[in-house]
Amino acid sequence: MTVTDRRTEEEREGRAEVDVAGATRPRHPLRWVASLVLLVLAAQLVHLLVTNDNFEWHVVGEYVNASIIGHGIAITLELTVVAMAVGIVGGVLLAVGRLSENRLLRGACGLYVWFFRGIPVLVQLVFWYNLSALLPRISFGVPFGPEFVSGETNHMITPLLAAILGLGLNEAAYMAEIIRGGLLAVDPGQTEAAHALGMSDARTFRRVVMPQAMRFIVPPTGSQVINMLKATSLVSVIALADLLYTVQSIYNRTFQTIPLLIVACLWYLLITSILYVGQSFIERRYARGATRQAPQGFWDFALLRRRAKTPEVPS
Amino acid sequence: MTTAMVHAAGVRKRFGHLEVLNGIDLDVAAGEVVVVLGPSGSGKSTFLRCINHLETIDGGSIHVDGELIGFRAEGGRVRHLRKREITRQRREIGMVFQQFNLFPHLTVLQNIVEAPTGVRREPSARAREHALELLRRVGLEDKAGAYPRQLSGGQQQRVAIARALAMRPKLMLFDEPTSALDPELVGEVLATMKSLADDGLTMIVVTHEIGFAREVADRVVFMDDGLVVESGPPSQVLENPANPRTKAFLSKVL
Ligand SMILES: Nc1ncnc2c1ncn2[C@@H]1O[C@H](COP(=O)(O)OP(=O)(O)O)[C@@H](O)[C@H]1O
Ligand SMILES: [Mg+2]
């Protein structure tokens, strides 16, 4: 080793008593510069928001609580919930299909996922909306046999149904992958133990595998819900009166484009923020049994209270 | 055969081209405790898993309490059983795993009552009472509300034993129940198993605990390369093995 020891003889030898209490910290001049730059930018932003009349804040204030906007929000939320429900149910079925012992079923479910993930959801929406051009009539009945129900595609596929199909079937493909990953992450020993106790496949899935897979499924599903909420704005292209379409239809009349878009932004931000809080809470709940700590209650979490450090049951 | 709790005859099992069981013959009488010894990879776990049909055998037959496991033979034809019937057969056979495999999202009590209430449709109050009695028996009555990860390995394994007993099995299978435990925790699990043996439960135990075999087993079976190569009372197999492979194995573990 050729490292030179720069310490003096005295420092090396001397074991002088040192107390580190009150030691000065190293300075970080760059942090100061960065903070200063940010402060200046923030001041400029506030100045812009206040002085630029094009924001037309009074218009924002006028519309932010308007009942017509409320209807748009209702459609947006309804679509998010229904399309997400379609996506989750479809995703569970597809995931179970992809893990099945039946090769044909596995292949078919894989094909579905490949197909729906490969086409932009906007294109799918427009396609469903125009389905009548491909199939003028739709009927349900025995394949190649008698029909029970049939009707004009144009009457059956309303814009709302087209939106639900477009968003929901696409979502199912993504949820399938999330759910499959969660199911595969559960230790196969769990299934064995359940089978050894005489539990059926269905019961093992419901009581043992699924609850444990939830820990892996819920966090990405939360971000899927948030993405879905935002993706519903795409339905404005098929003339469904969601939040975005509603503000568009107003500013097409009044030309107050910017303030109305701001109204939409504020509502989207508010709803996604609520969803983020909900998602984090659900995530914690599903961590139950995964750590030695007791689960934290909702209000403790929402109010950012620190969790207690002691385990629930001392062992 | 009518008196045997387990009657295995010529049991064969392959994984692809790998022959794991090459014709196992083993009879276990009701109330008997059989310890299975053998080197790693000799097929001990596979054999246990065949007994409750976690693996489907490729040849031979296994009867438990007179009932053919996994198949039905009628009029000279043998057919695979449906899943529902296999599930029913497994309820009579308890199994304890090396890795415990408790359900981590359920409390100790919920782990134990899950199968009796869900599968046997026992009323939950009765299942609960039985579970608490079993917890007392394995010395863990104060842990009913704990989650498995809050317990030590030895405690988890004792809960796993209670969980298997809750189904009131005729037969218990133990696959290296102490191999995943720290040495100081092995004793508590073996003591629990000994008390079950004293109560007359029929048990097949795969273990490397020679002391347990000597003290508790009615019979010791030595397996190698998918065959039972030696079988007899512990004094004979452990002290005076006839087969050279048994000798070689014992000289390593003793
Ligand atoms: N599911 C399986 N697929 C393929 N090979 C397996 C499987 N299970 C066990 N084996 C093989 O079978 C042999 C016997 O394994 P096992 O019964 O676990 O032995 P033991 O319990 O005596 O150590 C080993 O060679 C093992 O690799
Ligand atoms: Mg083994």
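**Salt bridges and helix packing**

Modeller: A salt bridge joins A:Arg180 to A:Glu177, with the closest N and O atoms 3.4 Å apart. Please note that this is a predicted model.

Biologist: Where do A:Arg180 and A:Glu177 lie in chain A?
Modeller: Both belong to helix α9 of chain A, which covers residues 159-184. They are three residues apart, about one turn of the helix.

Biologist: And how many salt bridges does a search of the whole structure find?
Modeller: Over all chains, the search finds 20 salt bridges.

Biologist: Let us turn to helix packing. How are two packed helices described?
Modeller: One gives the angle between their axes and the distance between the axes.

Biologist: At what angle do α4 and α5 of chain A pack?
Modeller: Helix α4 (residues 67-98) and helix α5 (residues 103-118) of chain A pack at about 135 degrees, and their axes are 7 Å apart. That angle makes α4(A) oblique to α5(A). Their crossing is left-handed.

Biologist: Which residues make that contact between α4(A) and α5(A)?
Modeller: From α4(A) come A:Leu94, A:Gly97 and A:Arg98. The partners in α5(A) are A:Leu105, A:Arg106, A:Cys109, A:Gly110, A:Tyr112 and A:Val113. By class, the contact of α4(A) with α5(A) has five nonpolar, two polar and two charged residues.

Biologist: What about α12 and α13 of chain A: how do their axes cross?
Modeller: The axes of α12 (residues 243-254) and α13 (residues 257-286) of chain A come within 9 Å and cross at roughly 165 degrees. The helices α12(A) and α13(A) are therefore roughly antiparallel to each other. This crossing of α12(A) and α13(A) is right-handed.

Biologist: Which residues of α12(A) and α13(A) meet there?
Modeller: On the α12(A) side they are A:Leu243, A:Leu244, A:Val247, A:Ile250, A:Tyr251 and A:Thr254. These meet A:Thr257, A:Leu260, A:Leu261, A:Ala264, A:Trp267 and A:Tyr268 in α13(A). The contact of α12(A) with α13(A) divides into 10 nonpolar residues, two polar and no charged.

Biologist: One more pair, please. How do α10 and α11 of chain A pack?
Modeller: Helix α10 (residues 188-196) and helix α11 (residues 201-231) of chain A pack at about 145 degrees, with their axes 10 Å apart. The crossing of α10(A) past α11(A) is right-handed. In α10(A), A:Gln190, A:Thr191, A:Ala194 and A:His195 meet A:Asp201, A:Thr204, A:Val208, A:Val209 and A:Gln212 of α11(A). The residues of this contact of α10(A) with α11(A) divide into three nonpolar, five polar and one charged.

Biologist: Changing topic, what does the UniProt annotation say about residues 6-250 of chain B?
Modeller: An unreviewed UniProt entry annotates them as "domain: ABC transporter". Over residues 6-250 of chain B, the chain is 37% helix and 28% strand, and the end C-alpha atoms are 26 Å apart.

Key. Residues are numbered from 1 along each chain as its sequence is written. Chains are lettered from A and ligands numbered from 1 in the order in which they are written. This is a predicted model: local features need pLDDT of at least 70, side-chain atom pairs count only at pLDDT 80 or more; totals for chains, interfaces and linings use all residues. Side-chain values use heavy atoms; hydrogens and water are left out. Axes are lines fitted to C-alpha atoms, for helices over the stretch in contact, and angles run from 0 to 180 degrees between N-to-C directions. Helices (H or I, at least four residues) and strands (E, at least two) are DSSP runs, numbered from the N terminus. Angles under 35 degrees count as roughly parallel, over 145 as roughly antiparallel, 65 to 115 as roughly perpendicular and the rest as oblique. A crossing is left-handed if the near helix is turned anticlockwise from the far one by less than a right angle, and right-handed if clockwise. Contact means heavy atoms within 4.5 Å. Ala, Val, Leu, Ile, Met, Phe, Trp, Tyr, Cys and Pro count as nonpolar, Asp, Glu, Lys and Arg as charged, and the others, Gly among them, as polar. UniProt positions are given in the numbering used here, feature names are shortened, and annotations may be inferred rather than shown by experiment. A salt bridge is a side-chain nitrogen of Lys or Arg within 4 Å of a carboxyl oxygen of Asp or Glu.
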